[in-house]
Amino acid sequence: MINTLNSYNELSSTVADVVEAQIKEQPLSKLILPTGSTPLGLYEELVNRELDWSNIETFNLDEYLMNPDHPYSYHSFMKKNLFNKINIYPDHCNFPFRPTLSFEDKMNVNKGIDLCILGIGTNGHIAFNEPGSSFKSRTRVVDLTEQTIKDNSIYFDSINDVPKQAITMGLRTIMESKKIILMASGEHKLNILNVAMNGEVTEDVPASILQNHNNVEVYYCD
Ligand code: PGA
């Protein structure tokens with residue numbers, strides 16, 4: 001179930017191929033997109049491919065509870081790495097934000113999410129659904145674990161600057177996507193990836209819920 005690729009470039013271009021095919025086959029697609037270091041190559045690849053994003057709508061997996069204009073917010077990350085470089089309408093770029101209900105309502109308009117791209121945290125989280133999150137969870141405010149705060153401190157000036165809370169899509173929300181791609185890069189992700197994909201399906205390992213989805217592809221490079 002885990003497809004191991006030879007390099008980070010191959011990981012990025014393989015997932016970009018999936019996104020490109022989706023956009024070309026269904027120009028009105030709705031996509032769920034991740035942040036973090038893993039998708040940076042994917043976004044660079046997508047920018048270079050000069051696809052037509054004019055009818056695409058995106059939904060980001062999560063956002064810190066912080067000012068969206070802050071340079072380290074996920075809004076800023078997405079603008080810098082993708083949205084400012086493609087022909088997507090700013091109104092089509094959605095982030096989980098209060099009130100949460102309207103966010104999920106918007107995702108479900110027409111036929112829901114066509115393609116969801118995910119990363120995985122070293123503790124098995126997907127989006128900010130930390131270990132112990134309910135498999136029935138929906139978009140909500142969550143406390144980040146010490147591990148996630150530590151992992152994400154590399155993006156901030158100091159660990160004290162990392163927000164302690166975030167708003168995230170839930171596990172049930174993610175599972176309603178028609179197709180899911182999980183991408184992971186680096187040996188530090190291999191163990192949790194194996195546990196999530198081949199171990200017990202348990203709320204202690206949020207990504208393990210993906211074993212219950214009938215259209216998931218997992219791509220890894222070390
Ligand atoms: P990363 O984060 O891509 O920065 O490793 C992945 C995640 O925490 O979901």
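Let's start with Thr-35, which you'll find in the loop that runs between strand E2 (30-33) and helix H2 (40-48). Keep in mind that this is a predicted model. The other thing to look at here is the ligand, which sits in the largest pocket.

**Thr-35**
- Is Thr-35 buried or exposed? Thr-35 counts as buried, because its relative accessibility is 14% and the cut-off for buried is under 20%.
- Thr-35 and Ser-73 are 38 residues apart in sequence, and their C-alpha atoms are 9.9 Å apart in space.

**Who's around the ligand**

- Thr-38 has a side-chain N or O atom 2.4 Å from an oxygen atom of the ligand.
- For His-125, the distance between a polar side-chain atom and a ligand oxygen is 2.7 Å.
- Tyr-155 also takes part, with an N or O atom of its side chain 2.9 Å from an oxygen atom of the ligand.
- How much of the ligand does the protein cover? On its own, the ligand has 280 Å² of accessible area, and the protein covers 82% of that.

Conventions: Residues numbered from 1 in each chain as written. Predicted model: local features only at pLDDT ≥ 70, side-chain atom pairs only at ≥ 80, totals over all residues. Heavy atoms only, no water. Polar contact = N/O pair within 3.5 Å; in protein donor to acceptor, adjacent residues only side chain to side chain. Areas by Shrake-Rupley, 256 points an atom, 1.4 Å probe, with all protein chains shown as cover. 1 Å grid on protein atoms, 1.4 Å probe; cavity = no way out; pocket = protein on both sides within 12 Å on 5 of 7 lines; lining within 4 Å. Sits in = over half its atoms within 2 Å of the grid points. Helix = DSSP H or I, 4+ residues; strand = E, 2+ residues; numbered from the N terminus. Buried < 20%, exposed > 50% of the residue type's maximum accessible area, 1.4 Å probe, protein only.
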